[in-house]
Amino acid sequence: MPPATRLTDGVTRGEPMTFRFEERELAAYPGETVAGALLAAGVRTFRHSVDGQPRGYYCGMGVCFECRVRIDGRANQRACMTPVQPGMQVQAQRDEPRRGGPRD
Amino acid sequence: MTSELVIVGAGPAGMSAAIRAAQSGVQVTLLDEALLPGGQIYRQPPGAFRVRDPHALGADYAKGQALIGRLARHHPLIEHRPDTQVWGVFPPDGAEQPQRGPDAPAAELALLGDGRVSRLAARALIVAPGASERAVPFPGWTLPGVFTAGGVQILLKSQRVRPGERFLVAGTGPLLLVLANQLAKAGARVQAVLELSSLAATVRRQWPRLLSEPGLLLQGLGLHLGLRRAGIPYLERHTVVAARGDDQVREAVWMRVDADWNPLPGSERTVAVDAIAVGFGFVPNTELTRQAGARHRYDAARGGWVPETDEHLATSLPGIFAAGDGAGVRGSRTAELQGQLAAVGALRYLGRLSAAQAETEGALLRRRLRRLERFASAMAEMSLPRPGLARLAQPDTIVCRCEDVTAREIADCIGQGYHRLDSVKRITRAGMGFCQGRTCAPHIAALIAEKEAGAPEAAGWLRPRPPLRPVPLDAFASAEDEPAPRPPAGAAGR
């Protein structure tokens with residue numbers, strides 16, 4: 001687990017809450033994005049790509065879509081753009097594998 | 001619904017444009033994808049965080065607060081719509097060409113906000129969408145723990161989260177120095193900062209321009225001193241060539257490079273890290289101006305394709321203006337002045353300023369912009385992509401992260417004679433995924449250019465089609481009472 005951490009200087013956070021990532025219950029603070037809360041908890045892999053490779057937070061500004069997760073059953077939500085809510089159910093996504101040729 | 005002036009993007013360019021337009025009494029609709037104004041450079045901590053010590057958040061926090069404060073003071077005239085995505089720009093009423101003149105809308109925008117699709121007509125439009133980081137594929141770059149420098153900055157500045165402990169910072173440009181200082185302050189161990197270019201060589205070539213901004217030179221010196229104090233090595237003509245790990249990054253490999261940024265064999269060095277931050281410069285976000293049909297030109301020193309603009313930043317389309325990094329990467333100070341200049345242009349177009357007033361104010365802004373341009377162009381020259389950059393990817397390296405298309409597949413396709421981005425996309429699927437080629441297209445264009453011994457513009461661009469961002473079908477179902485823009489064929493189908 002990488003020693004990621006929340007910085008405590010400069011800001012005061014509100015009352016902590018919990019949300020779920022896969023089978024784990026994780027802490028988060030109001031205003032945090034799903035990506036921020038996951039990374040602070042040491043979670044790096046947010047989804048698996050079409051070829052099954054682990055992927056996670058990359059651009060952080062909603063451009064690359066690498067951090068997309070399933071939130072409360074809704075697929076393809078960008079973790080970097082979505083504020084975390086109490087009781088949220090977040091799941092890692094696994095993209096449909098590529099089948100040889102174009103999938104049209 | 002019709003708005004007199006719509007501005008897309010609430011970064012430094014969009015905010016200063018909104019403020020300037022409101023000063024002339026114009027109602028402004030300011031659309032932004034984020035929850036809070038500021039853009040990426042002035043990204044603020046979320047509203048639920050209480051800022052106890054502004055100094056801990058750095059200089060950008062204070063500058064952003066000043067601009068956001070001015071925006072708030074003009075609030076009655078500025079309707080700021082956060083969390084709103086623009087997924088299409090259409091000629092009004094489906095006409096092929098926008099009608100000329102300020103009484104007809106310059107464009108109609110398709111929006112997604114609050115889970116619903118809506119439309120908004122703009123009598124004048126200022127596009128200020130900013131820039132994205134240039135993605136440079138190298139072995140292992142898709143491993144979790146390899147982040148963009150900007151992505152790490154957002155976590156530090158806004159979320160106050162440090163996403164790792166032992167970092168390598170690599171790429172080119174002053175952002176690397178800023179980030180390494182921020183990381184050190186946040187208690188991270190930065191193994192090294194690797195700069196592809198040589199500052200000494202840049203100073204030799206560009207010293208008269210660099211001397212035009214003694215303040216910025218001092219800032220740069222301060223950043224270097226900060227690294228020295230923190231014991232962080234700053235290595236010029238070096239870059240990261242591989243990230244290694246199982247399910248996340250554990251090691252980084254770096255090498256020396258020559259003046260063309262080609263790695264020098266035998267110079268490999270491996271370090272243990274748990275995070276790599278890469279920043280290879282920026283590419284303007286031009287989907288909106290391209291989709292609208294504005295003329296563009298290729299300007300490598302400004303990051304790639306940029307809309308052609310006149311002295312008031314008007315594009316080739318009547319009533320549509322472009323400002324900030326989205327009109328050519330030059331940084332936040334230039335963006336702020338360009339926002340004002342575009343607002344002056346839009347006010348004149350709308351008949352809210354006389355031609356003479358607009359000319360006087362425009363001339364003043366242009367003079368200040370020219371002064372900034374001297375320093376900014378010298379820095380841009382230092383970070384201008386050189387041929388070695390596109391060669392970091394090995395045959396097995398993923399180039400298109402959305403569809404897992406490798407460098408080998410792309411090279412084979414180009415080798416078969418496909419020399420346009422659109423063709424490579426159709427054959428390989430690179431650029432067909434969720435990001436719509438925003439990440440991989442500049443790299444593929446560079447590969448085509450290398451193969452063809454041509455310039456990257458020869459590869460053309462991926463034609464931006466609506467929806468520019470994924471729009472869920474139920475957002476059409478719950479569209480506002482006005483008829484929603486027709487979903488184009490295959491809208492959200494995947």
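This is a predicted model: local features need pLDDT of at least 70, side-chain atom pairs count only at pLDDT 80 or more; totals for chains, interfaces and linings use all residues.
Me: How many residues does chain B give to the contact with chain A?
Reply: Both chains contribute to the contact. Chain A supplies 51 residues. From chain B come 61 residues.

Me: How much area do chain A and chain B bury between them?
Reply: Interface size is often quoted as accessible area lost when the parts come together. Here 52% of the buried area is on carbon and sulfur atoms. On the chain A side, Arg44(A), Tyr58(A) and Met61(A) lose the most, together 16% of what that side buries. The total for the two chains is about 4,800 Å².

Me: How many nonpolar residues are on the side of chain A that touches chain B?
Reply: The rule finds 27 residue pairs in polar contact across this interface. Elements of chain A that each supply at least two residues include α1 (34–40) and β8 (74–78). The residues on that side include 15 polar and 15 charged. The nonpolar ones number 21.

Me: Which residue of chain B stands opposite Val11(A)?
Reply: β2(A) pairs with strand β3 of chain B, residues 50–51. The pairing is antiparallel, over 2 bridges. Opposite Val11(A) stands Val51(B).

Me: Which residue of chain A forms a salt bridge with Glu33(B)?
Reply: Across the interface of chain A and chain B there are 5 salt bridges. In the one made by Glu33(B), the closest N and O atoms are 3.0 Å apart. The partner is Arg78(A).

Me: Which residues are linked with Arg55(A) and Asp404(B) in a network of salt bridges?
Reply: The network draws on both chains. Besides Arg55(A) and Asp404(B), its members are Arg47(A), Glu66(A) and Arg401(B).

Me: How many residues apart in sequence are the parts tied together by Arg6(A) and Glu32(A)?
Reply: Their side chains meet in a salt bridge at 2.7 Å, N to O. Arg6(A) lies in strand β1, and Glu32(A) in the loop between β4 (24–28) and α1, so the pair ties these parts together. Glu32(A) is buried at 0%, whereas Arg6(A) is partly exposed at 22%. The separation is 26 residues.

Me: What is the relative accessibility of Leu313(B), a residue with a positive phi?
Reply: Most residues other than glycine have a negative phi. Leu313(B) has a phi of about 65°. Leu313(B) sits in the loop between β20 (304–307) and β21 (320–322) of chain B. Leu313(B) counts as buried, at 8%.

Me: Where does Arg429(B) lie?
Reply: Phi of Arg429(B) is also positive, near 80°. Arg429(B) is buried, with a relative accessible area of 7%. Its place is the loop between α11 (421–428) and α12 of chain B.

Note on methods:
Residues are numbered from 1 along each chain as its sequence is written. Chains are lettered from A and ligands numbered from 1 in the order in which they are written. Side-chain values use heavy atoms; hydrogens and water are left out. Contact means heavy atoms within 4.5 Å. Buried area is the accessible area (1.4 Å probe) that two parts lose on being put together, summed over both. A salt bridge is a side-chain nitrogen of Lys or Arg within 4 Å of a carboxyl oxygen of Asp or Glu. A polar contact is a pair of N or O atoms within 3.5 Å; within protein, one must be able to donate a hydrogen and the other to accept it, and residues adjacent in sequence count only if both atoms are side-chain atoms. Helices (H or I, at least four residues) and strands (E, at least two) are DSSP runs, numbered from the N terminus. Ala, Val, Leu, Ile, Met, Phe, Trp, Tyr, Cys and Pro count as nonpolar, Asp, Glu, Lys and Arg as charged, and the others, Gly among them, as polar. Two strands pair if DSSP finds at least two bridges between them. Buried means under 20% relative accessible area, exposed over 50%, partly exposed in between (1.4 Å probe, protein chains only).
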